[in-house]
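Here is a briefing on a protein model, grouped by topic. Please keep the sequence and the structure in view as you read.

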Amino acid sequence: MGEQRAILVTGASSGIGNATSKRLAAAGFAVFAGVRKEHDAREMQRHHENLRPVTLDVTDADSIAHALDVVRSSGLPLHGLLNNAGIALGGPLEYLPLDELRRQFEVNTFAPIALAQAALPLLRAARGRIVSVGSIASRFGAPFVGPYCASKAALASLMDSLRAEIAAFGVPVVLFEFAAVKTPIWEKGRSLSAELRGRLPQRALDDYAPFVGALGRQIDHEERNGLDPQSVAAAIAAAFTARTPRPRYVIGRQAKVQAAVALLPHATRDKLVRKVLGIP
C-alpha cells in the first residue's frame, strides 16, 4: 500500500465500527478507533498493531478537536473519516420529550458534520474521503421510530450537499444505507426506550401500548434476521480502497425491498407498514 495512511472511525467499540476498524487495520491502514471507555480502548489495542484507540465523544467539540490532534500528530495522511457512531431513539411523537429528539439529532446528524468540518483540512491535503453510515430508514418515517428515521434522512441530505460542495477538492463523500444489522444498537435502543417509557405519562403508555408491543416484536425480528456486521464491514472497507467509490451504497436484500416500498403512494405505503407491524 506504500506509505501508511490513516482512517478515523467513530463508534468503534462495537458493531459495524468495531468490525470495520479491524478489517481496515488488517488491510494496512492506521486506524484511529474512536471509543468512549478506557476498557474498549485496551481491547482494541490488543487486537492489532494498526489499531490506535482514541477517546472520542462525537457530541463534544473539545473531544473531536483532541481526536484530530492525535491524528495530525501522527504525521500520517488522513485517507478517510468513517462516521459510524449512532443511537436509536423512539416513542410516540405526541408525547416524545423534545430533548430526546435533540439528543437523537446531536449524535446521528450534527456529529458527522462536526467531524467532517474538523477533518476536512487533513482530508483535502491527502485527497481522502468521507464515509457515513446512514440507514434505509431514512427513505420514509416508520411509526414510533420517527426520531431515528428523521435523523438519518437529514444525514443523507447533508451528505448529498457536502458531496457536491467538496467534489472540486478531490474528497469523495459516500453514504451507506442498510436495513437491520446484528449490532448492539438494538440493545442500546431498548435501554434508551425503557428509560424513556419511565418518563412518559401513563396516558401515553395506555394509548400506545398495543402499538409499542407490535413494534417491539418487529424489532426482535429485525435483530434476529439482520445482516452480519462482517459483511457490512467488508462493503465499507471496499469503499475506502476503491479508486472511485459510489456516492451511495444500498446493502442487503431487505434494504432494497424497503427502498422500493418508499416509492409507493403514501396511502398504500402506510397501509402496508401498518399491516407488517400488525397495528390497526
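Glu-100 has its place in helix H4; helices (H or I, at least four residues) and strands (E, at least two) are DSSP runs, numbered from the N terminus. Glu-100 is buried, at a relative accessible area of 7%. Buried means under 20% relative accessible area, exposed over 50%, and partly exposed in between (1.4 Å probe, protein chains only). This is a predicted model: local features need pLDDT of at least 70, side-chain atom pairs count only at pLDDT 80 or more, and totals for chains, interfaces and linings use all residues. Residues are numbered from 1 along each chain as its sequence is written, and side-chain values use heavy atoms, with hydrogens and water left out.

**Charged residues**

- The C-alpha atoms of Glu-100 and Leu-89 are separated by 7.6 Å, and the two residues are 11 residues apart along the chain.
- Asp-40 is found in helix H2 (residues 38-47).
- Asp-40 is buried but has no salt bridge. A salt bridge is a side-chain nitrogen of Lys or Arg within 4 Å of a carboxyl oxygen of Asp or Glu.
- The nearest side chain of opposite charge to Asp-40 is Lys-37, 5.4 Å away. Lys and Arg count as positive, Asp and Glu as negative; His and the chain ends are not counted.
- Asp-40 is in contact (heavy atoms within 4.5 Å) with Ser-13 and Val-35, leaving aside neighbours within four places in sequence.
- Arg-124 lies over the face of Phe-169, at 3.6 Å from the ring centre. A charge sits over a ring if NZ of Lys or CZ of Arg is within 6 Å of the ring centre and within 35 degrees of the ring normal.

**Nonpolar cores**

- The largest nonpolar core has 34 residues. Such a core is a set of buried Ala, Val, Leu, Ile, Met, Phe, Trp, Tyr and Cys residues joined through side-chain atoms within 4.5 Å.
- Residues with the most contacts inside this core include Leu-8, Leu-68 and Ile-130.
- Elements that each supply at least two residues of this core include strand E1 (6-9), helix H3 (61-74) and helix H5 (146-166).
- H4 gives the most to this core, with eight residues.
- Another core, of 27 residues, lies apart from it; among its members are Val-9, Ala-33, Val-133 and Phe-176.

**Aromatic rings**

- The count comes to three aromatic pairs. Rings of Phe, Tyr and Trp (its six-membered ring) pair if their centres lie within 6.5 Å; planes under 30 degrees apart count as stacked, over 60 as edge-to-face and the rest as tilted.
- Phe-176 and Phe-178 are stacked because their ring centres are 5.8 Å apart and their planes are at 20°.
- Phe-176 and Tyr-249 are also stacked, with centres 4.6 Å apart and planes at 10°.
- Phe-176 lies in strand E6 (residues 173-177) and Tyr-249 in strand E7 (residues 248-250), so this pair ties together parts that are 73 residues apart in sequence.
- Phe-176 and Tyr-249 are both buried. Phe-178 counts as buried too, at 2% relative accessibility.
- Phe-176, Phe-178 and Tyr-249 form one aromatic cluster.

**Positive phi in loops**

- Arg-127 is not a glycine, yet has a positive phi of about 50°.
- Arg-127 lies in the loop between H4 and strand E5 (129-133), and is exposed at 56% relative accessible area.
- Phe-144, also not a glycine, has a positive phi of about 75°.
- Phe-144 is found in the loop between E5 and H5, and is buried at 13% relative accessible area.
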